[in-house]
Amino acid sequence: MTDFNVDVAIIGAGTAGLAAERKARASGARTLLIDPHFSGTTCASVGCMPSKLLIAAGNAAHHASAAGEFGIEAGPFKVNGPKVMQRVRRLRDDFVSGVKKQIADLPDGVTVKAAARFASPTELALDDGRTVAAKAIVIAVGSSPVIPPPFEDLGDAVITNESLFELEDLPASVGVIGAGPLGLELAQALARLGVHVAVFDKGARLAGLEAGEPETSLREALAKELDLHLDVEPEARRNGDGGVTISWRDAGEAKEAHFDKLMVAAGRAPDLDGLGLEQSGLELNEKGGPVFDAGTLQCGASPVFIVGDANGERPILHEASKEGTIAGANAASFPDTKSFERSTRLQIMFTAPNMAKVGADPDKDTVVGKVDFADQGRARAMGVNQGVCEIYAKAQCGALTGATLVGPDAEHLAHLLCWEIENGSKASDLLNKPFYHPTLEEGLKTALKQICKDVGLPKPDSRDDAELPGDFGSD
């Protein structure tokens, strides 16, 4: 006998799962949200929010140490590691409590605390012995940090983004495996808090960027604060003092360094183990995950949908929320599903300088406009003049298509460009808008003017393209 008979069952109560449940229920479906913990979303508990709290602490220390550049004699200061970590956890817990309140406020009977696995394409078996029959199922199980085999047996010397924030104090030194966005964000934050940090990656470039001026400018900026070891194959061994020794070869020369902790930031993998996908009837890809359509989030022609980190397509919070909403709508209306237009890509790394990827990468039909913030007026005034930004546009008409941004407050510039790409704006459309002086946004004018020149877009008689005070060298 079936214990639960619903229209839509959602496995996982993270950002994507919560969005799917809300949308399905709002569409009139009887829903069941299944999760073994209901511990809060990845973002609130171990991801974007606690990491930004640590970054904020690191930036506060950095501003204090850099005050002398502005003629401010701040005197010696001390980073109190335990208090830093206490604040991170206190505010993190506040964010998590907000998510838990959302869950607690759901209607009676909507949630069940259990782990679920497929018994058939439309049936789930719960680990407490109960069963669920559903017309449609949404997989929203999230993801977990990947610990590569060379680092699996190092015990508690290894930390991840999920365990870092539980440390009572800041370690004296940390080796970081992985020069992706997460590894670099946390590495710089720790370094700014006085931790000796070295980053190791088998790749030759940072943050997944292609070779070019933005990547070079990012590497040059971060190398001032971090020991970067790229294009290496690090090995690790546990020491008698509880720490870790990393060994690698640099230009053929054997090297090694000791660290109190080893933070593995080698990516995350969907939590699909234990779901019993072999009973789901779904076609699986080479990584063992269900094959799905990015527009509908539907797995083949089945009544199963997969969203958020579980599908690994766009593991970013705002994308998870949108995917959950799309899947919730389609699951509620199954078999009448429809494909939804996806948002323009918007990815941000919160290092200093920021890095952001917007829209499409350049191709043979793309023109590129660049600006180097090293000599941009407002950036120089603020002492944050680092980074190179590229803006991409169609060669035939100058319509914006994407950007790779490395620079101060690039998180905000990326939003502006993303919105204009979605509006179908041309470089000339942006250039004809007001730019207050002096601002960081003015830096975009250099790249936009270059695009307009290369494409041959006309300049209105009312627009003055001359340099303004403090912007010398920006063209």
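Modeller: F334 is partly exposed, with a relative accessible area of 27%; the term covers values between buried, under 20%, and exposed, over 50%, with a 1.4 Å probe and protein chains only. The model is predicted, so local features need pLDDT of at least 70 and side-chain atom pairs count only at pLDDT 80 or more, while totals for chains, interfaces and linings use all residues. Residues are numbered from 1 along each chain as its sequence is written, and side-chain values use heavy atoms, with hydrogens and water left out.

The aromatic pairs come next. Rings of Phe, Tyr and Trp (for Trp, the six-membered ring) pair if their centres lie within 6.5 Å, and planes under 30 degrees apart are stacked, over 60 edge-to-face and the rest tilted. F200, W248 and F259 form one aromatic cluster. Three aromatic pairs are counted by the ring rule. The pair F200 and F259 is edge-to-face, because the ring centres are 6.2 Å apart and the planes stand at 85°. F200 belongs to strand β10 (residues 196–201) and F259 to strand β14 (residues 253–259), so this pair ties together parts that are 59 residues apart in sequence; helices (H or I, at least four residues) and strands (E, at least two) are DSSP runs, numbered from the N terminus. F200 and F259 are both buried.

F334 itself pairs with F305: the centres are 6.4 Å apart and the planes at 85°, so this pair is edge-to-face. F305 sits in strand β17 (residues 304–306), and F334 in the loop between α7 (317–333) and β18 (346–349), so the pair ties together parts that are 29 residues apart in sequence. F305 is buried, with a relative accessible area of 0%.

The C-alpha atoms of A327 and F305 are separated by 6.1 Å, although the residues are 22 apart along the chain. A327 is buried, with a relative accessible area of 0%. Apart from its neighbours within four places in sequence, A327 is in contact (heavy atoms within 4.5 Å) with V138, L297, F305 and V307.

Burial can also be followed along a whole helix. In helix α11 (residues 443–455), 10 of the 13 residues are buried, so the helix is largely enclosed by the rest of the structure. Among them are G443, L444, K445, I451 and V455. The buried residues of α11 pack against β20 (366–372), β21 (388–394), β22 (400–407), α9 (410–422) and α10 (427–431). After α11 comes G456, with a positive phi near 85°.

Last, the contact of two helices. Helix α3 (residues 48–65) and helix α5 (residues 181–192) pack at an angle of about 40°, their axes 8 Å apart; axes are lines fitted to C-alpha atoms, for helices over the stretch in contact, and angles run from 0 to 180 degrees between N-to-C directions. The contact is made by S51, K52, L54, I55, G58, N59, A61 and H62 of α3, and by E185, L186, A189, L190 and R192 of α5.
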